[in-house]
Amino acid sequence: MALCALLAAATAMAQSNRLIIQDFEIAPDSTVTIPVTLVNEDISRGMQFNLTVPEGLTIEDMRVTKYSKSLGMSLTYSDKSDTKIIVLYQMGKSCFPPDSADVALIEFRAAHDFKGGELSVWKGRGSTMDNDPFIIEGDTAVVAVPAASLILINPTEEQYYK
């Protein structure tokens with residue numbers, strides 16, 4: 001019985017802070033705005049995480065939500081490689097309280113030949129009010145293309161007879 005209680009406590013501790021992007025659909029040649037949700041048990045002064053997007057999906061825009069803005073949070077990100085580094089921070093003494101809330105919005109654009117893939121949130125780190133770092137678990141979202149978007153509307157003869 002004691003072993004079960006210990007394992008349950010360890011599991012709960014491992015899931016105490018997470019960044020989540022839900023699975024979503026996007027049609028080729030379109031954009032969609034998706035929230036990044038922070039589920040945290042620890043107070044967090046700010047956070048940093050990496051985001052890797054599948055081929056054919058790009059980031060058009062990224063901004064904080066009204067919730068994050070009300071806490072004085074700002075957002076910056078690097079756009080120099082396939083992996084984006086996103087930082088939510090503030091200069092004052094506010095913090096994300098223990099909660100589950102959308103903290104950022106990301107606008108994605110799918111290329112005309114986008115076929116779907118996985119989007120990874122990883123290497124998340126939070127910061128306490130004393131600037132002590134802690135781990136924020138990441139997530140993997142499935143990015144799907146609606147089935148109707150995969151059907152050729154006007155196939156060429158070559159495409160039709162393949």
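Guide: Of the residues that take part in these pairs, Asp 139 is a buried one, with a relative accessibility of 16%; buried means under 20% relative accessible area, exposed over 50%, and partly exposed in between, with a 1.4 Å probe and protein chains only. The model is predicted, so local features need pLDDT of at least 70 and side-chain atom pairs count only at pLDDT 80 or more, while totals for chains, interfaces and linings use all residues. Residues are numbered from 1 along each chain as its sequence is written, and side-chain values use heavy atoms, with hydrogens and water left out.

The structure contains three salt bridges, each defined as a side-chain nitrogen of Lys or Arg within 4 Å of a carboxyl oxygen of Asp or Glu. Asp 139 pairs with Arg 18, with 3.3 Å between the closest N and O atoms. This pair joins distant parts of the chain, 121 residues apart: Arg 18 sits in strand β1 (residues 17–20) and Asp 139 in strand β11 (residues 139–144). Strands are DSSP runs of E, at least two residues, numbered from the N terminus. Arg 18 is partly exposed, at 27%.

Glu 60 and Arg 109 form another salt bridge, at 4.0 Å from N to O. Here too distant parts of the chain are linked, with Glu 60 in strand β5 (residues 57–64) and Arg 109 in strand β8 (residues 99–110), 49 residues apart. Glu 60 is partly exposed at 43%, and Arg 109 is partly exposed at 33%.

Arg 63 and Asp 61 also pair, at 3.1 Å from N to O. Arg 63 is partly exposed at 35%, as is Asp 61 at 30%.

Definitions and conventions:
Helix = DSSP H or I, 4+ residues; strand = E, 2+ residues; numbered from the N terminus.
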